[in-house]
Amino acid sequence: MAHQVIMPKQGNTVESCILLEWKKAEGDTVKLGEVLCEAETDKAVIEVESTASGTLLKLLCAENDEVPVLSPIAVIGEPGEDISSLESADAAGKPADAQPQELREEIHRKPPGDVPMQTRSGLKGVSPRARNLAKKLSLDPSEVSGSGPEGRVIERDIFTKAASHQPLTPAARELHAREGGSLPRHGSGIGRRIRSADIAESKAEYRDIPLSRIRAVTARRMLESMQQSCQLTLTSSADASAMLSLRKRCKEEDGTRDITLHVMVLFVLSRTLGEFPYINAHFLGDRTREFAHCNIGFAVDTPRGLMVPVVRNAQDLTISELAGEVKRLSRTCIDGKAGTEVFEGGTCTVTNLGAYGIEHFTPVLNPPQVAILGVNAITITPVSDAQGRIILQPRMGFSLTMDHQAVDGAPAAKFLQAFTQAVESVDQTAGI
Amino acid sequence: MPKTIVVNPADIRRRETIALKSIPLNQYEGNFEAELEKYGSSRLKRILYDMMIIREFENMLDSIKREGAYQGISYDHKVPAHLSAGQEAASVGQCVNLGPEDFIFGSHRSHGEILAKCFSAIQSLDESRIQHVLEGYLEGDILRVVESHFPGSDIRELAEHFILYGALSEIFARKTGFNRGLGGSMHAFFAPFGSMPNNAIVGGSGDIAVGAALYKKINRKPGIVIANIGDAALACGPVWEGLTLSAMDQYHTLWGDMSGAPPYLLNICNNFYGMGGQTCGETMGYGTPARVGYGVNPDGMHAERVDGFNPLAVADAIERKKQILLEGKGPVLLDTITYRISGHSPSDASSYRSKDEIDSFRQQDSIISYGEYLRQHSVISEGEIEAYRQQVREKIRRTVELATNQAVSPFAEERVIETAMFSNQVRESYGEGESEMLDWGEENPRVQQISRKMRFAYDASGKPYPASRLYTFRDAIFESLLYRFSRDSSMTAYGEENRDWGGAFGCYRGLTEALPYHRLFNTPISEGAIAGSGVGYALCGGRAVVELMYCDFLGRAGDEVFNQMPKWQAMSAGVLEMPLVLRISVGSKYGAQHSQDWSAVLAHMPGLKVMFPATPYDAKGMLNQALRGSDPVIFFESQKLYGIGEQFAASGVPEGYYEVPEGEPDIKRPGNDITIITLGAALYEALAAADVLQERWNLKAEVIDLRFLNPLNYHPMIESVKKTGKVLLVSDACERGSFLHTVASHLTRYAFDFLDAPPAVLGSRNWITPAAEMEDLFFPQPEWIIDAVHELILPLEGHRCTTNQSTLEDKRRNRLGV
């Protein structure tokens with residue numbers, strides 16, 4: 001009895017995957033657990049394993065297809081077996097129609113003007129100029145009769161054709177003849193005639209880029225975040241002298257080189273959150289949920305877009321362990337190899353734009369988390385010392401966005417104050 | 001055709017005989033006491049040394065060519081070498097009494113002459129002068145190698161090594177050669193020491209050297225000029241033409257205080273073979289080349305045969321002949337007998353001569369006999385000769401070692417060749433001092449006449465002026481020339497009917513009054529020598545304007561215009577400049593041999609700048625541009641246009657100086673619908689066609705006059721074709737191989753995506769030019785242009801063709817070759 005392999009579900013939020021590459025071909029013998037193909041979710045590249053042993057009788061999806069999770073992708077059985085009832089992807093829904101149309105990249109669709117020369121008997125050819133003009137005007141030159149030497153389609157034939165389909169005012173026709181370019185489908189003149197003003201307007205140059213999977217997910221989540229929470233951002237700063245001197249020390253030895261300013265912030269946060277459970281929490285509408293452990297997410301900028309992997313039980317990690325974990329997670333995200341579990345279970349999030357010199361911003365919450373901490377650049381700031389003298393001090397800025405539904409300003413400010421104080425003595429607490 | 005010289009029927013019909021003087025053959029009698037007195041023992045020994053090192057140099061090349069090695073150094077030399085072993089006494093003897101200011105030009109077999117001339121100059125120049133020459137040559141590139149690897153004991157030995165290394169590096173095509181390896185064995189030369197370009201075309205130096213002698217004469221420079229050519233080269237037309245040019249009566253009858261012939265000596269290096277052909281007994285009939293002198297002038301060119309096996313006999317002859325030349329009594333012909341023991345080239349199996357003959361000449365080896373002569377008179381000992389032998393072997397070995405070392409002597413990069421093609425300099429004057437002018441201001445009749453003419457063809461209301469009142473194309477040529485004559489004191493112009501007649505088409509009228517004879521003169525009907533001597537004049541550093549009365553005569557000057565004029569700047573690696581303008585008139589109404597436009601042939605030749613103006617404004621501005629440059633320029637003029645007025649520059653042709661930017665085509669009439677590109681006189685046919693296109697079909701043609709063939713900026717044409725998508729090209733040249741096909745091909749490549757039809761090229765029919773009455777069958781007419789547009793580019797509503805410009809007809813004509 002033949003067996004259907006289905007696209008597995010990857011975490012709660014994944015609805016479909018893009019099939020990247022088949023590792024097996026029809027007719028190959030496969031074993032249970034062997035990798036059949038690679039697929040890309042919104043966060044990671046996964047390997048789809050065979051759920052049966054036998055001969056790969058049929059591939060139901062092509063590379064680059066977007067496949068809804070839980071729909072069949074292949075049929076495995078004995079050679080010669082009748083699999084007609086299993087061949088159709090319809091068995092579990094139509095992958096081609098199920099996907100959101102706007103997410104498809106239209107790279108394969110040919111422009112209408114780009115047709116082979118001899119598409120119609122009797123056509124003697126199209127001049128390069130006519131061909132290019134037809135492309136611009138979205139016309140098919142094979143539907144145009146040529147008036148050039150030996151029946152060649154020449155520029156004026158395309159103009160004639162264009163004029164017959166799109167009524168232009170005389171001024172618009174002259175403008176178009178002079179300047180070329182594409183025409184709007186219809187215009188604002190009488191009977192939708194195209195006026196010269198319509199042509200001028202349509203000349204604005206832009207480019208449509210379809211959203212990638214990750215972009216689309218990010219877009220949706222960000223919008224939901226703003227629509228469903230009540231966000232307020234508090235800003236403060238801390239003397240960064242202790243961080244900088246610790247960083248300097250860390251850089252000198254191989255074992256501690258990965259302990260960056262970013263890691264120190266995560267470390268201090270992991271040690272501070274325990275005292276402020278209302279920050280290390282989720283807002284669930286009718287209740288808040290405070291966590292005993294700190295699973296800290298941190299934003300990573302990858303070639304695929306923004307990703308937020310999570311360091312689990314950060315409160316139990318030494319700073320060196322934390323540094324190793326941050327490095328490992330960042331690398332898997334950048335390589336596109338992170339599994340969906342990497343992104344799940346965060347209790348609080350850090351986002352760091354300090355490296356780009358950003359001095360203040362308003363991070364957007366990652367619901368249902370109650371808080372997200374933004375890390376800003378270190379700036380040299382005049383402050384007064386104990387003797388009241390003005391001195392220059394390196395200070396790192398922090399922007400804490402919290403959900404006002406879950407927590408009020410004053411408690412959040414208390415947290416931020418405790419956090420910044422802890423930052424200023426990180427060299428004492430880091431234990432190295 | 002000066003009226004002062006009268007042809008008298010009584011004189012020419014008188015019964016008379018001409019008695020020729022006898023021609024001396026090998027008359028030198030050695031007198032050792034006198035020779036020792038004259039040269040001193042060290043100079044006499046130096047002659048032997050020079051002969052020995054030249055022999056070793058040639059033997060080395062022979063060994064490398066035949067065995068791929070010399071003294072254990074292996075080298076694969078890919079290029080032929082024409083060796084002169086056996087001819088050393090002739091070349092060294094020739095240079096004994098020459099100074100650095102004396103020039104020698106040579107042939108493909110001139111290694112010995114280059115070395116001999118340079119070694120002689122090294123002995124006669126003072127040390128600081130030598131130092132200056134070596135340091136300044138090619139930015140010191142050769143000197144740096146020699147100084148660090150092969151310095152010698154003093155400056156003269158350093159210079160000797162410099163010459164050996166520079167010559168061999170050149171032969172081996174190295175960047176450290178005299179000409180960065182761009183000349184090679186057959187063209188190597190070293191001008192600072194008077195060794196001038198050697199020529200791979202047999203007899204090629206025969207007229208170039210006459211131009212060099214004219215340069216010395218006209219610019220009052222010291223020294224004489226020798227053309228060393230082979231005995232077989234006397235059969236070459238340009239050699240004969242050069243002789244006639246060098247022997248013109250006018251130097252004595254008309255040149256006034258510049259009286260006297262140019263100091264030209266034609267030295268026949270008579271080795272009795274032209275390749276394998278025996279000039280005495282087989283391929284020539286002169287018996288003795290010295291005899292030819294009486295065919296040239298009443299002095300018989302002071303010709304004599306010299307024993308080229310005795311260097312002192314040759315030195316004596318040159319000394320006596322140099323005196324004659326410096327007195328203005330030349331030209332001189334020497335028949336210097338010699339013998340090459342080596343073959344014509346490495347591929348020569350000596351199938352044409354017997355071993356006995358070669359052996360008999362080995363018995364006469366000048367190095368042995370001259371060495372023995374010195375030894376007998378106790379000038380030198382056998383031990384010293386042996387020491388010389390060791391020394392020259394060691395020096396040549398070291399030279400080979402250096403010249404074949406890729407690290408020390410690399411090949412030139414691509415950029416070196418490209419940048420050597422043109423010198424692109426702005427030279428207000430190549431001469432020194434004031435220009436010698438006669439009546440050239442307001443007192444000049446032509447200047448007066450031009451001042452009354454209308455410099456734009458139409459009056460304020462757009463009505464054309466009558467032809468007689470127009471400032472014309474030929475006036476523009478005159479003005480440009482007159483200006484540069486007044487600025488550049490080195491400038492001279494000559495050709496057929498240039499003086500008195502005023503040029504066959506009137507361009508030079510008024511110049512006769514403006515210029516002394518030596519700056520404007522008539523030549524024999526010798527197109528080869530006219531162009532070739534222009535090359536020689538220019539490469540010496542003087543500006544020359546020479547002309548071919550009809551383009552059809554270009555064949556007569558083929559070698560000079562194809563091989564000499566374009567090549568010497570690059571073959572010298574930019575050591576030479578070539579400020580030579582060759583005016584070529586394209587005819588009409590004169591039939592098949594007087595009406596051809598061969599511009600494509602010249603545009604094809606690398607190293608030429610080629611211009612073809614079609615309006616008075618362009619003629620003056622372009623000739624101005626050509627006449628202030630440093631490159632060889634072919635300046636085409638159409639005889640259809642000499643009488644035309646200026647129809648485009650509304651403010652008229654400027655009276656003052658201006659230039660048309662080089663290589664820029666000109667839009668003569670702007671338009672959006674079709675581009676018509678023209679070259680030469682066809683501009684006016686194109687304008688007539690453009691009028692019809694406008695009137696009948698409301699099509700605005702953009703008419704672009706190419707003006708230049710090379711260099712050429714395609715940008716304006718590309719922009720026009722991008723705009724119109726349609727292009728037709730038309731000129732009076734025969735269609736097959738027309739330069740416009742080159743332009744069309746480039747435009748297709750540069751603007752393919754914008755084309756609405758393939759570019760259409762119109763030219764004259766591929767026929768002989770018929771008589772004036774039938775020329776409309778031959779030259780492109782306005783209706784041909786309309787018909788071609790209709791047939792090939794854009795069918796015109798309601799048009800009925802009167803000629804057949806169809807593709808089918810074109811194929812038929814091609815199939816028949818007509």
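**Exercise 1.** Are α24(B) and α27(B) parallel or oblique to each other?

*Solution.* The model examined here is predicted. Begin with the geometry: helix α24 (residues 682-697) of chain B packs with helix α27 (residues 782-793) of chain B at an angle of about 55 degrees. The axes of the two helices lie 8 Å apart. Next, apply the cut-offs: angles under 35 degrees count as roughly parallel, and those from 65 to 115 as roughly perpendicular. The helices α24(B) and α27(B) are therefore oblique to each other.

**Exercise 2.** Determine the handedness of this crossing and the residues that form the contact.

*Solution.* The crossing in which α24(B) passes α27(B) is right-handed. On the side of α24(B), the contact is made by E685(B), A686(B), A688(B), A689(B), V692(B) and L693(B). From α27(B) come P782(B), I785(B) and I786(B). Sorted by class, the contact has 8 nonpolar residues, no polar residues and 1 charged residue.

**Exercise 3.** Describe the side of chain A that touches chain B.

*Solution.* Start with the counts: 10 residues of chain A are in contact with 11 residues of chain B. On chain A, the element that gives the most to this side is helix α2 (residues 128-136), with 4 residues. The class division for this side of chain A is 4 nonpolar, 4 polar and 2 charged.

**Exercise 4.** State the confidence of the prediction for chain A, and locate a stretch where the pLDDT is below 50.

*Solution.* The average pLDDT of chain A is 83, and 86% of its residues score at least 70. The pLDDT is below 50 over residues 90-123 of chain A. In the model, this stretch has 49 contacts beyond near neighbours in sequence.

Technical notes. Residues numbered from 1 in each chain as written. Chains lettered and ligands numbered in written order. Predicted model: local features only at pLDDT ≥ 70, side-chain atom pairs only at ≥ 80, totals over all residues. Contact = placed C-beta atoms within 7 Å. Nonpolar A, V, L, I, M, F, W, Y, C, P; charged D, E, K, R; others polar. pLDDT = per-residue confidence, 0-100. Axes fitted to C-alpha atoms, helices over the stretch in contact; angles between N-to-C directions. Parallel < 35°, antiparallel > 145°, perpendicular 65-115°, else oblique. Left-handed = near helix turned anticlockwise from the far one by under 90°.
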